[in-house]
Number of protein chains: 2
Amino acid sequence: MEPLRFNNIYLGDAKDILPRVEDESVDLIMTSPPYAEKRKKSYGGIPENEYIDWFMPIAREFKRVLQPKGSFVLNIKEGANVQRETYVIELILELKRQGWLWTEEYIWYKTASMPGKWPNRFRDSWERCLHFTKNKKFNMYQDSVRVPIGDWSKTRLNNLKSYDKKRTISASKSGLGRKVMNWKGRDLVYPDNVLKFAPVCKNMRHSAAYPKELPLWFIKLFTKKGDIVLDPFIGSGTTGLACLESNRNFIGMEIKRKYFNLANKNIQLEQQRLINDEKK
Amino acid sequence: MEPLRFNNIYLGDAKDILPRVEDESVDLIMTSPPYAEKRKKSYGGIPENEYIDWFMPIAREFKRVLQPKGSFVLNIKEGANVQRETYVIELILELKRQGWLWTEEYIWYKTASMPGKWPNRFRDSWERCLHFTKNKKFNMYQDSVRVPIGDWSKTRLNNLKSYDKKRTISASKSGLGRKVMNWKGRDLVYPDNVLKFAPVCKNMRHSAAYPKELPLWFIKLFTKKGDIVLDPFIGSGTTGLACLESNRNFIGMEIKRKYFNLANKNIQLEQQRLINDEKK
DNA sequence: GTTCCGCATGAATCGATAG
DNA sequence: ACTATCGATTCATGCGGAA
């Protein structure tokens with residue numbers, strides 16, 4: 001059997017393709033799997049009550065192919081059918097039983113979520129990004145995702161007018177002076193576990209409108225350049241695009257030919273664009 | 001035994017006082033219970049592995065006292081001990097088994113979370129507000145929590161704190177002041193299921209990790225004036241203050257005398273303030 | 001009176017140290 | 001080996017005093 005190539009997408013079921021991935025060869029698994037379907041008869045969808053049985057064998061493969069200091073990030077959100085479905089929180093418990101550490105739950109706050117109004121609830125504008133690891137210690141490059149410091153200090157530091165600036169400099173030996181100077185040189189702070197990215201509405205109707213910024217953030221956080229990122233449900237190729245942009249290698253898998261074709265098209269366009277940029 | 005009075009706080013264990021509350025007499029249970037303690041020996045705290053056994057008998061009483069169209073809102077967040085604790089999601093499953101509907105999970109996005117930096121995670125800046133109901137249909141007054149359109153104004157008005165309020169009112173002649181005032185009552189849209197409030201620390205002694213805006217939002221959403229709100233873990237009395245402000249009646253319970261005294265003081269101060277305001 | 005700044009302080013978490 | 005305690009890390013906010 002042909003070994004898997006990097007920066008390529010494979011057409012087929014993840015559970016069939018994953019066995020071809022080498023042991024402990026992947027640095028990050030970043031994926032947004034198909035969410036459970038409410039209607040059991042929906043073609044290709046996984047019913048809520050079969051979701052865990054469907055997912056766990058795949059997670060077993062994840063555990064095999066992930067390197068010891070790697071991470072597995074699962075973007076998912078249960079739907080509501082009168083009440084919230086429980087398959088996601090049950091999946092967390094099951095993954096722990098399989099040996100994963102449930103290290104963190106990040107919130108993706110979708111600032112422009114779908115409009116709509118229902119009698120029981122408001123618009124759902126957040127999704128879970130569940131972070132699992134194999135070990136207590138893992139690779140995390142926190143500096144790569146630092147963000148500009150909050151408004152409060154910006155306002156205060158911007159207001160350092162002539163008088164204050166003079167004072168700050170002249171009083172360099174005082175604690176006050178030194179402290180302010182330290183803040184000025186340091187415009188980046190560490191983020192928290194709530195992510196804010198606007199979802200994008202692509203032309204194709206992949207149910208999960210998964211903006212490139214989301215995988216990109218986790219890719220920067222948990223891998224370095226040249227590392228391997230696996231997305232077994234790559235959809236329209238967003239994780240691949242994020243890898244191309246950040247100089248990581250990816251392995252993609254997609255079961256539906258429609259998305260497989262779309263992902264390949266998107267990837268090729270991006271690769272062409274990068275080549276053109278280099279020529280200039 | 002003396003019947004429970006409204007707008008009063010009872011000193012003692014919720015499981016002992018709850019039996020005195022009449023069947024189906026409460027319109028909303030809004031509470032932030034003590035979170036599980038990491039250290040097992042910590043005095044008064046509930047260890048993680050005993051949390052569900054401690055909570056479920058209390059939840060049974062909640063079910064008895066809540067009226068059929070009422071709501072139960074639980075503000076809670078699991079801590080981390082290398083990995084995230086699972087007692088909260090297990091509690092959700094257990095409450096469902098007890099007959100509750102897990103109607104929704106709101107996110108409280110704390111804009112000012114605890115600082116700190118660790119090798120394996122960022123600062124935790126969100127908490128769960130789990131919404132349970134007894135029935136598919138329940139009281140929800142969505143219009144009462146509508147917000148001005150657009151993110152900037154939403155953030156701004158939600159965060160109208162002392163300083164901004166003062167400025168908004170006092171600067172009525174300035175453009176900014178008038179502009180902000182004009183937004184109120186105009187172009188109102190429904191919010192989503194992510195709430196943004198900054199935690200405030202009012203007193204030197206007690207950490208008000210639970211800002212008044214949080215219970216106030218749910219009180220407005222799930223009750224009308226004159227309704228009964230129960231908080232069996234009322235702490236420093238925040239839920240009671242929110243009720244006084246919004247003309248709801250509350251029943252409070254608190255096991256620790258220190259908080260019981262503080263809550264009574266806060267409630268009395270607020271009642272006195274309301275009386276003074278009326279005289280003017 | 002209004003704006004501005006220093007300071008204290010939080011539902012935190014980890015790793016090391018001590019018992 | 002297992003548990004309790006402690007120091008280090010970090011940043012948005014309200015408050016009070018100063019400009």
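## Cysteines

The sulfur of B:Cys243 lies 16 Å from the closest cysteine sulfur, that of B:Cys129, which is too far for a bond. Seen from B:Cys129, the closest cysteine sulfur is likewise that of B:Cys243, at 16 Å. A search of the whole structure, over all chains, finds zero disulfides, a disulfide being a pair of cysteine sulfur atoms within 2.5 Å.

B:Cys243 counts as buried at 0% relative accessibility, and B:Cys129 is buried with a relative accessible area of 0%. Here buried means under 20% relative accessible area, exposed over 50%, and partly exposed in between (1.4 Å probe, protein chains only).

## Basis of the model

This is a predicted model, in which local features need pLDDT of at least 70, side-chain atom pairs count only at pLDDT 80 or more, and totals for chains, interfaces and linings use all residues. Residues are numbered from 1 along each chain as its sequence is written, chains are lettered from A and ligands numbered from 1 in the order in which they are written, and side-chain values use heavy atoms, leaving out hydrogens and water.

## Helix α7 of chain B

Helix α7 of chain B spans residues 213-222 and is mostly covered, with eight of its ten residues buried. Among them are B:Trp217, B:Phe218 and B:Phe222. Helices (H or I, at least four residues) and strands (E, at least two) are DSSP runs, numbered from the N terminus.

## B:Leu230

B:Leu230 belongs to strand β11 (residues 228-231) of chain B and is buried at 0% relative accessibility. Not counting residues up to four places away in sequence, B:Leu230 touches residues including B:Leu18, B:Met30, B:Val65 and B:Ile251, where contact means heavy atoms within 4.5 Å.
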